Amino acid sequence: MTATTVTRAPAPGQGSPRGTYVAGAIGGLIIAFYVVLVLFGSQLAPFRATELAGPSLAPPGGATRLGTNLLGQDILSQLILGARASLTVALCAGAGTVVLGGIVGVVAGWFPGWCDAVLMRVTDLVLIVPKLPLLLLVGALTGGSVLGLSLVISLLFWPNAARILRSQVLSLRTRTHVRAATGFGAGTWHQLRRHILPDLTLLAIAEFIPAAGRAVGLQAGLAFLGVGDPTLPSWGAMIRDAVAFRALFITSAWKWWLAPPVIALVALIVGITLLGAAAERRLSPRLVRHAR
Amino acid sequence: MTDVLQREARAAARGHDAPPRSRVPYLRTIGLYALTLWALVTLVFFLPRFMPGDPLRALQDADSGQFIYDAQERDKIAAYYGLDKPLVSQYRSYLSDLRKGDFGWSISQNTPVATLLKKRLPWTLLLTGSALLLSSTISYFVGITAAWHRGRFADRALIVVLSATRAIPEYAMASALLITFAVTYPIFPQAGAQQAFATYGSPLDAIGDVLFHLALPLAALTVGLAANKFLIVRNTVISTLGEDYMVLARAKGLSRRLLKYRHSGRNALLPFVTALGIQAGFAVGGSLFVESIFNYPGMGTLVERAVTARDYPLLQGCFILLAVVVLIANLAVELTYAKLDPRVRRR
């Protein structure tokens, strides 16, 4: 947004800091659980994702503990194996967003003048691009592999990180130790490496977590709309298959076909959000400054 | 995916990225939007052309079943589709077609894309428009009230619940609502925007039926939007409560309602409107998901069908139309913003 004002910032932290940290720990545990699923998924899953595991739409119980879908594939196995797509995109798109935003933010913050002006106009431009429609279009054209999607997500969502990191660089520039180093003749590269980047790391982590959470939601959403690698099990594709089955709500199959991937997805996103809130509270200088 | 919002609104509210205002009011803003639209339209043109392969590949490939041996015949086909012309003139005719409202021909539906878009857009506008309106109204009043009673149990509970809610993707919310209120307790219809084959006795019946079908999709879209704005309004209002002018207004003996809405509520409007602008994009994106879940006859189901059939002309048409809608909404908000804030106007 280019519209600006100088009103007082809303009071930042909500709830007690302690509550935020407890919630953050819970979020961390949820994420750790999913990481285990990704690492040991192929051992944990009783079937392969596409394997015929039982009769069509078998209710939970027996060998297929969470039931089967219309094609007789095991829901539990698909659920476990689907974690990989979500966490991969979280990691790659989260990192990509922060790295791109970091490059733009640091360059814009460190070189004021036309360089900053141009980069910030580009940032404004990317900010107002309607992101989901563009993701759909590019994803459909390029095939929507997880890494490709991560790249496109990074290319669309870096401006937030860029703005926040830029303002931090602007503030760091004026600190005495940085100015002293300039006085001693330190070059740009030395300054960035020794004085700027280390101070940006924590802020970058605080930016990484929400970016990762957003990417999880986007990847699943795109898979739900049909943009994604069809050979890769993913929760979004499971929801898509379930909703596409017209008699889903006439039978009670939604209980074991639609609900589990939705719950898995929401749990992961809420977990990341909780961790992100705690991290932002702890790491973001903006909030530390305002905290009461 | 909406946690950006609050941060954005906060950043904008603090104004640490204030772009220099030009002398001519609004011209810069309008220019930025026009530039964005041009960039997107151009991207739509060049993206498929830089992908490997081209539409006539199969006709030129001797190993393909569709191979046409006669070179003259091949040239004729290329000329028919205008694919023998240089890229620049293809681009020029693409732009002039767009200006005329010609979005090309849908491959999967065998209909002009513009016809399909025209049929679908009103439903999406109805859904997103009413979601933005409803969520704004709810979040504004509930936000001010919560700020006024900050620290009470209801306030704290709302914050915890809504902070978690706004992270939930729209399709998950829509599925949950569908399962609860259309399957387990079949109060609302499961799909569609109108009763199939219905004949209405009066226009009132028709409106009632449309609203009845709109209820669940609207709720699914509204919850997330409202949660975000609620947090923004609440926090802004709290920050105004300690201001000197509030103390003075209270000392003057102004009524509680005046204090609440005139003095502190109005100051919450600016970050609120900023959030509204950013949310226009989120609402349109979210409606794509919600429509797919409820099989609502808007752009969402059309986009989904286009993606499934890999109907690129249709997908591109949808994209351009959605982009125009979002950009217009954003622009409108920014221009309103300048009207609302005397400081922006003065500069």
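Trainee: Which helix of chain B is the place of B:Thr124 in?

Mentor: B:Thr124 sits in helix α6 of chain B. Keep in mind as we go that this is a predicted model.

Trainee: Okay! Is B:Thr124 buried or exposed, and why?

Mentor: B:Thr124 is buried because 28 other C-beta atoms lie within 10 Å, and a residue counts as buried at 20 or more.

Trainee: Which residues is B:Thr124 in contact with, leaving aside its neighbours within four places in sequence?

Mentor: Those contacts are B:Ser287, B:Gly298, B:Met299 and B:Gly300.

Trainee: Why give both an angle and a distance?

Mentor: Because two packed helices are described by the angle between their axes and the distance between the axes.

Trainee: You mentioned B:Met299 earlier. How many of the ten residues of helix α13 of chain B are buried?

Mentor: Eight of the ten residues in α13(B), which runs over 299–308, are buried, and the helix is mostly covered. Among those buried residues are B:Met299, B:Gly300, B:Thr301 and B:Glu304.

Trainee: What do the buried residues of α13(B) pack against?

Mentor: Helices from both chains. From chain A there are α4 (131–142) and α7, and from chain B there are α6 (113–148), α12 (269–294) and α14 (312–340). As for what follows α13(B), look at B:Arg310, which has a positive phi near 50°.

Trainee: Let's step back. How many helices and strands are there in chain B?

Mentor: Chain B has 15 helices and two strands. Its C-alpha trace spans about 90 × 55 × 40 Å along the principal axes. Of its 347 residues, 39% are buried.

Trainee: Which domains does the assignment give for chain B?

Mentor: The domain assignment gives domain 1 (38–102) and domain 2 (119–346). Their C-alpha centres lie 41 Å apart. In the contact between them, domain 1 of chain B supplies four residues and domain 2 of chain B supplies five. On the domain 1 side, the residues are four nonpolar, no polar and no charged.

Trainee: And chain A? How many helices and strands there?

Mentor: Chain A has eleven helices and zero strands. Its C-alpha atoms fill a box of roughly 75 × 45 × 35 Å along the principal axes. Buried residues make up 54% of its 292 residues. Among the contacts in chain A with a separation of 6 or more, 71% join residues 24 or more positions apart.

Trainee: Which residues touch the most other members of the largest nonpolar core?

Mentor: That core has 170 residues, and the ones touching the most other members are A:Leu135, A:Leu136, B:Ala174, B:Val303, B:Leu315 and B:Cys318. Helix α7 of chain A (residues 188–225) gives the most to this core, with 17 residues.

Trainee: What is A:Leu135 in contact with, leaving aside its neighbours within four places in sequence?

Mentor: A:Leu135 is in contact with A:Val152, A:Ile153, A:Leu156, A:Leu218 and A:Leu222. A:Leu222 turns up again where α7(A) meets α8(A): residues of α7(A) including A:Leu222 and A:Phe224 meet residues of α8(A) including A:Trp235 and A:Ile239.

Trainee: How do the axes of α7(A) and α8(A) cross?

Mentor: They cross at roughly 35° and come within 7 Å, with α8(A) covering residues 235–244. This crossing is right-handed.

Technical notes
Residues are numbered from 1 along each chain as its sequence is written. Chains are lettered from A and ligands numbered from 1 in the order in which they are written. This is a predicted model: local features need pLDDT of at least 70, side-chain atom pairs count only at pLDDT 80 or more; totals for chains, interfaces and linings use all residues. A nonpolar core is a set of buried Ala, Val, Leu, Ile, Met, Phe, Trp, Tyr and Cys residues joined through C-beta atoms within 7 Å. A residue is buried if 20 or more other C-beta atoms lie within 10 Å of its own, exposed if 12 or fewer, and partly exposed in between; C-beta atoms are placed from the backbone. Helices (H or I, at least four residues) and strands (E, at least two) are DSSP runs, numbered from the N terminus. Two residues are in contact if their C-beta atoms, placed from the backbone, lie within 7 Å. Domain bounds come from an automatic or database domain assignment. Ala, Val, Leu, Ile, Met, Phe, Trp, Tyr, Cys and Pro count as nonpolar, Asp, Glu, Lys and Arg as charged, and the others, Gly among them, as polar. Axes are lines fitted to C-alpha atoms, for helices over the stretch in contact, and angles run from 0 to 180 degrees between N-to-C directions. A crossing is left-handed if the near helix is turned anticlockwise from the far one by less than a right angle, and right-handed if clockwise.
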